[in-house]
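Here is a briefing for a reader new to this structure. Have the sequence and the model open as you go.

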Amino acid sequence: MKILFITDPGIVGGATRSLVDLTGALKARGCQCVVCTSKRTELNDELEAMEIQTIADGHMAAMEPKSPKRWKRPIKAVARRIQRMFNLPAAIRKIEREVNLNSFDLIHTNSARNDLGCLLARKYRIKHVVHIREFGQEDFDCCCYRMNYYRFLNRFTNRFIAISEAVRESWIRKGISSEKIVLIYNGVYSGDILPVEREKYEQNSLRLVMAGGICAAKGQNQAVEAIGLLPEKIRRQVTLDLMGWCDEKYCAALKRRVREMKLEKQVRFLGAFKSVHALLKDYQVALMCSRAEGFGRVTAEYLLAGLTVIASDTGANPELIEDEKNGLLYHYGNAGDLAQKIKRLFDDRALLARLALAGRAKAQKNYTIECNAERIFQLYQEIAG
């Protein structure tokens, strides 16, 4: 089976890592994958090292986050629509020069923010799959540059893959046909994830981690506030490491708040890592504080590493984290509730260990790349007939 993948123009984040893992797993099943990126970046180098062809075609997205400055939004919308009138035809011509599109069995668009796959599917009558990996409006406050965008997606897409039930329901409300959306949870390559040694659950100190983009949507400010609310005796023995790329304005405000609360010894900003898999074994607890997480690839990584996860009760978090069974949920936006959950794990190490082991067992059963790739491959075969 020959598949053309369309990536999102932005390559930072879980969607891109999922694409790399998926194409690698499909290649092992005998599929021929070609990946179209917007620009040439280290993603192209990584895929080509896996002997997967890439094309940097320059395509633009159909959905993007709104400008934080309201007065810029209408100007940006008009400018983007005009740019896309010239950009998308040029991207199609670039792809046509590189490959014979009539030779492909399927187009797989890796993010519902992009409509290039719809245009190619319409022109060449190729079956088309769209991966819905986020909410769009609820998490990143996106706007659409194509009129009647959801109707357009519906018309030129054979199947949608939602990465959680929460995402599935959200896009059905937006107008995507419920009959076309299937639920397939994300999968993580777990081969290089080292599990936490059980002795760490009994240590006096408690090491917490948050990995992923440091931005308002991810809620690191709630974690910082929660650390500050811990009783002093406990706070001295708790640390929180923040890993990931930074929204500069948000990160500056967060660091300022850390200084105001005199938490410099408790909270560290470690920067971005290509992979956190080898680092997770050094922690006992992971926090997921997003306001609307579509799935939470990093949550699956935490679980596979044997960390106990405390997550907000929003988005897809309650699907991955069953409160009191394989982790703890707190009320989103309530730093006091989060602090209570942290204190509870600090005080009750038997609970900490029990939740961690239950979480790892659930992740090994449901959230590996092997499970994910097999279900997607079966869907391909169903669509291709």
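**Briefing**

Arg-125 is placed in the loop between α4 (116–124) and β6. Helices (H or I, at least four residues) and strands (E, at least two) are DSSP runs, numbered from the N terminus. This is a predicted model, in which local features need pLDDT of at least 70, side-chain atom pairs count only at pLDDT 80 or more, and totals for chains, interfaces and linings use all residues. Residues are numbered from 1 along each chain as its sequence is written, and side-chain values use heavy atoms, with hydrogens and water left out.

- Most residues other than glycine have a negative phi, and most peptide bonds are trans.
- Arg-125 is not a glycine, yet its phi is positive, at about 55 degrees.
- Arg-125 has a relative accessible area of 78%, so it is exposed. Buried means under 20% relative accessible area, exposed over 50%, and partly exposed in between (1.4 Å probe, protein chains only).
- Glu-51 also has a positive phi without being a glycine, with a value near 65 degrees.
- The loop between α2 (42–49) and β3 holds Glu-51.
- Glu-51 counts as exposed because its relative accessibility is 66%.

**The seven-stranded sheet**

- An open sheet is built from seven strands, in the order β3-β2-β1-β5-β6-β8-β9, with parallel pairing. Two strands pair if DSSP finds at least two bridges between them.
- β3 (53–56) and β9 (181–183) are the edge strands; each has a single partner strand, so one side of each has no neighbour in the sheet.
- From one strand to the next, the twist averages 25 degrees. Angles run from 0 to 180 degrees between N-to-C directions, and axes are lines fitted to C-alpha atoms, for helices over the stretch in contact.
- Five bridges link β1 (residues 2–6) to β2 (residues 32–37) in the parallel sense.
- Leu-4 has Val-34 in β2 as its bridge partner.
- β6 and β8 are a parallel pair with four bridges. His-131 is partnered by Ile-161 in β8.
- β8 and β9 are a parallel pair with three bridges. Ala-162 is partnered by Leu-183 in β9.
- In a regular strand the side chains alternate between the two faces of the sheet.

- Contact means heavy atoms within 4.5 Å.
- Helix α7 (residues 165–174) lies across β6 (127–132), β8 (159–162) and β9. It runs at about 165 degrees to β9.

**Strand β10 and its partners**

- In β10 (residues 206–211), five of the six residues are buried, and the strand is mostly covered.
- β10 pairs with β11 (residues 238–243) in the parallel sense over six bridges. Ala-211 is opposite Met-243 in β11.
- β10 also runs parallel to β13 (residues 285–288), joined by two bridges. Leu-208 has Val-285 in β13 as its bridge partner.

**A helix pair**

- Two packed helices are described by the angle between their axes and the distance between the axes.
- α11 (residues 297–305) packs with α14 (residues 349–366) at about 120 degrees, with the axes 7 Å apart.
- That makes α11 oblique to α14. Angles under 35 degrees count as roughly parallel, over 145 as roughly antiparallel, 65 to 115 as roughly perpendicular and the rest as oblique.
- From α11, Ala-300, Leu-303, Leu-304 and Ala-305 meet Gly-359, Arg-360, Ala-363 and Gln-364 in α14.

**Two residues and their contacts**

- Glu-138 sits in helix α5 (residues 137–140). Its relative accessible area is 33%, so Glu-138 is partly exposed.
- Leaving out residues up to four places away in sequence, Glu-138 touches Ser-170, Arg-173, Lys-174, Arg-291 and Ala-292.
- Arg-113 lies in the loop between β5 and α4. Arg-113 counts as buried because its relative accessibility is 12%.
- Beyond its neighbours within four places in sequence, Arg-113 contacts residues including Asp-8, Glu-134, Phe-140 and Tyr-149.
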